[in-house]
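Me: I have a structure to go through for class. Can you walk me through the inside of it?

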Amino acid sequence: MTPHRNDVTPAPSSAALSPRKGSRRRGVVGFFSALAVVGFAAAMVAPTGVALADPPVEDAPESAYSVALGETQNLTVTVEGAAIAPVQRGTFSVYVTPKPTPKPTPKTASSDSSKSSSSGGGPLFYTGGGAPAQWMAAAGIAESDWGYVDYIVSRESGWNPNATNSSSGACGLVQALPCSKVPGNGYDPVDNLRWATGYATGRYGSWAGAQAFWSNNHWW
């Protein structure tokens with residue numbers, strides 16, 4: 001005899017599984033099972049696929065040759081050639097020390113009196129000093145003729161060795177004409193008197209004759 005339980009409630013007939021609902025449930029389960037199998041297969045194949053892919057190429061270390069080769073390949077060669085811009089250099093100035101202007105050497109009295117007026121550069125005036133008696137003695141004129149010489153020279157130049165006739169160019173104590181005929185320097189009193197002695201004796205016979213001609217004609 002089966003005991004009767006009051007706590008058990010019989011399931012309604014609508015809650016029982018029908019054959020159509022059971023087949024639908026089995027289809028859903030099968031679909032997810034298929035997805036699981038595909039996922040498992042993909043997990044198994046993935047490492048193999050990665051293994052079959054090309055290995056990554058590692059970058060080779062750069063060298064001087066590889067860098068130069070890369071730069072060479074980027075060059076473009078044209079028929080005209082590449083335009084090269086000039087290098088801009090900094091400007092600079094050069095200072096040149098100027099040469100000092102040479103100072104002229106002053107002329108001395110001795111050098112002026114020793115030069116001839118024929119050498120050019122203007123007359124070389126006498127600056128040696130002295131007196132008429134000294135000049136006549138140095139020129140070799142006898143003291144007996146000094147009075148005749150003094151008469152002519154006093155009227156011709158006033159015993160100024162540097163006397164010059166502005167119109168004729170006669171020079172010196174006796175106004176030699178031309179001045180260049182006097183050997184040495186026409187403005188040197190000794191040279192002038194020495195030449196005058198030869199002129200007086202050669203043309204008038206003596207200093208006395210030269211003085212007589214001058215007194216009559218006011219020239220000689």
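This is a predicted model: local features need pLDDT of at least 70, side-chain atom pairs count only at pLDDT 80 or more; totals for chains, interfaces and linings use all residues.

Reply: Residues are numbered from 1 along each chain as its sequence is written, and side-chain values use heavy atoms, with hydrogens and water left out.

Me: ok, how many residues has the largest nonpolar core?
Reply: The largest nonpolar core has 23 residues. Such a core is a set of buried Ala, Val, Leu, Ile, Met, Phe, Trp, Tyr and Cys residues joined through side-chain atoms within 4.5 Å. Buried means under 20% relative accessible area, with a 1.4 Å probe and protein chains only. Those with the most contacts inside the core are Val 149, Trp 159, Leu 193, Trp 207 and Trp 220.

Me: which helices supply at least two residues each?
Reply: Helices H4 (132-138), H5 (146-156), H6 (189-204) and H7 (207-217) do. Helices here are DSSP runs of H or I, at least four residues, numbered from the N terminus. H6 gives the most to this core, with six residues.

Me: then H6. how far does it reach from first C-alpha to last?
Reply: H6 reaches 21 Å with its 16 residues, close to the 22 Å expected at 1.5 Å a residue. The expected span is 1.5 Å times one less than the number of residues.

Me: what caps its N-terminal end?
Reply: Asp 188 caps H6 there, with a side-chain oxygen 3.0 Å from the backbone nitrogen of Val 190. Just after H6, Gly 205 takes a positive phi of about 90°.

Me: is Ala 200 buried or exposed?
Reply: Ala 200, in helix H6, is buried, with a relative accessible area of 0%. Leaving aside neighbours within four places in sequence, Ala 200 is in contact (heavy atoms within 4.5 Å) with Gly 205, Ser 206, Trp 207, Ala 210 and Trp 220.

Me: and what covers the buried residues of H6?
Reply: The cover includes H4, H5 and H7.

Me: new topic. which cysteines does the disulfide join?
Reply: Cys 171 and Cys 179, with S to S at 1.8 Å. A disulfide is counted when a pair of cysteine sulfur atoms lies within 2.5 Å, and a search of the whole structure finds one. The link of Cys 171 and Cys 179 is right-handed, with 85° about the S-S bond.

Me: how buried are those two?
Reply: Cys 171 is buried at a relative accessible area of 0%, and Cys 179 is buried at 10%.

Definitions and conventions:
Buried means under 20% relative accessible area, exposed over 50%, partly exposed in between (1.4 Å probe, protein chains only). A polar contact is a pair of N or O atoms within 3.5 Å; within protein, one must be able to donate a hydrogen and the other to accept it, and residues adjacent in sequence count only if both atoms are side-chain atoms.
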